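Try each task before reading its solution.

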Amino acid sequence: MPSPAMTHGPLSIWGRLTTLLGVSIPLAGLVAAIIYFWGWGFHWTDLALFMGMYAASVVGVAVGFHRLFVHRSFETYRAIEFILVALGSTALQGKMIHWAGLHRYHHQHSDRPNDIHSPHHRGRGVLGFLRGFWHAHIGWAFHADPPDLDRYVPDLRKSRTLRIANELFPLWVFLGVAIPALLGGVITGSWYGALTGFLWGGLVRICVVHHLTWSINSVCHLWGSRPYACDDMSRDNVIFGIFAFGEGWHNTHHAFPTSARHGLRWWQLDISYGLIRSLELVGLAWNVKVPTMEARKRAARVGA
């Protein structure tokens, strides 16, 4: 059977170039920050800006792009939807509607030959494993989209609010690096603080969130536990369960894709669900979907 790359074909030269720039510029920022600031130039202000922007962009992707817009695991007001699109866009992973279409396509074909970013089906042995890991992590982004992707997101395109927020993607990306630079300059009262805020809250943060998200595609389909029966090789991975705000409980998610809660066991930290639950408690979210205990028991793998 054809691989995803053979089925969908390569991107155009312009598409490859923009993808390469989107990946390499944040990575260059990380390298520059490590070389230039190692041991003396990293301060509490930089840490606070990094963590604040990291949390904002991960919440935007995990709660907004993924659980709300892709899987409709809860409902909320249009204003909050608009904010979540803006926050998720600061992660520089593409426009929300496009992101959602690709992810819905992934779920339809998960770990089968046409899955856009499965680490499997890339050959056997060490070389096949490495090729699969690379493709799942970032290599897939250098290939053209599956055909007729728009048919996966008609519900999102119907919303005028979402269409407007989606098309403002360049503005959200700009604000995602401008805000930490501005705050760094204001807090420290210096251009130097603006530069470090731009690097740590902007470029370095984007780079870290990139690899965090990509690891859900690669690592979480290779390493971890499989407590629930699925038709794919998705895994629960504790590292990414914590640092990706619950997204790393990936086998659980694939077993119950419309669930707003991915960490179903008491010890599985799921910050994203905690935020959704908080919104529900104050009346800002409703129809929050969580699988029943009976459904969980039916899906549980024997011995897991």
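**Exercise 1. In which loop does aspartate 148 lie?**

Solution. Aspartate 148 is in the loop between α6 and α7 (154-157). Helices here are DSSP runs of H or I with at least four residues, strands are E runs of at least two, and both are numbered from the N terminus. Before going further, note that this is a predicted model, where local features need pLDDT of at least 70, side-chain atom pairs count only at pLDDT 80 or more, and totals for chains, interfaces and linings use all residues. Residues are numbered from 1 along each chain as its sequence is written, and side-chain values use heavy atoms, with hydrogens and water left out.

Next, the backbone: aspartate 148 isn't a glycine, yet its phi is positive, at about 55°. Finally, aspartate 148 counts as exposed because its relative accessibility is 51%; the classes are buried under 20% relative accessible area, exposed over 50% and partly exposed in between (1.4 Å probe, protein chains only).

**Exercise 2. Find where aspartate 111 sits, and decide whether it is buried or exposed.**

Solution. Start with the location: aspartate 111 is in the loop between α5 and α6. Its phi is positive too, near 60°, in a residue other than glycine. With a relative accessible area of 10%, aspartate 111 is buried.

**Exercise 3. Describe the surroundings of serine 234.**

Solution. First find serine 234 in the loop between α10 (191-217) and α11 (238-243). Its relative accessible area is 0%, so serine 234 is buried. Now look for partners: the side chains of serine 234 and aspartate 232 make a polar contact of 2.7 Å. (A polar contact is a pair of N or O atoms within 3.5 Å; within protein, one must be able to donate a hydrogen and the other to accept it, and residues adjacent in sequence count only if both atoms are side-chain atoms.) Setting aside neighbours within four places in sequence, serine 234 is in contact (heavy atoms within 4.5 Å) with Asp111, Cys220, His221, Ser225, Arg226, His250, Asn251 and His254.

**Exercise 4. Check the span of helix α6, then look at histidine 137.**

Solution. Helix α6 (residues 125-137) has 13 residues, which at 1.5 Å a residue should span 18 Å. The rule is 1.5 Å times one less than the number of residues. The end C-alpha atoms of α6 are 18 Å apart, so the two agree. Its buried residues are Gly128, Gly132, His135, Ala136 and His137.

Histidine 137 has 10% relative accessibility. Its side chain makes a polar contact of 3.0 Å with that of histidine 211. Not counting residues up to four places away in sequence, histidine 137 touches His211, Trp214, Ser215 and Ser218.

**Exercise 5. At what angle do α3 and α5 pack?**

Solution. Helix α3 (residues 44-70) and helix α5 (residues 96-108) pack at about 65°, with axes 10 Å apart. Axes are lines fitted to C-alpha atoms, for helices over the stretch in contact, and angles run from 0 to 180 degrees between N-to-C directions. On the α3 side the contact uses Val61, Phe65, His66, Phe69 and Val70, and on the α5 side Met96, Trp99, Ala100, His103, Arg104 and His107.
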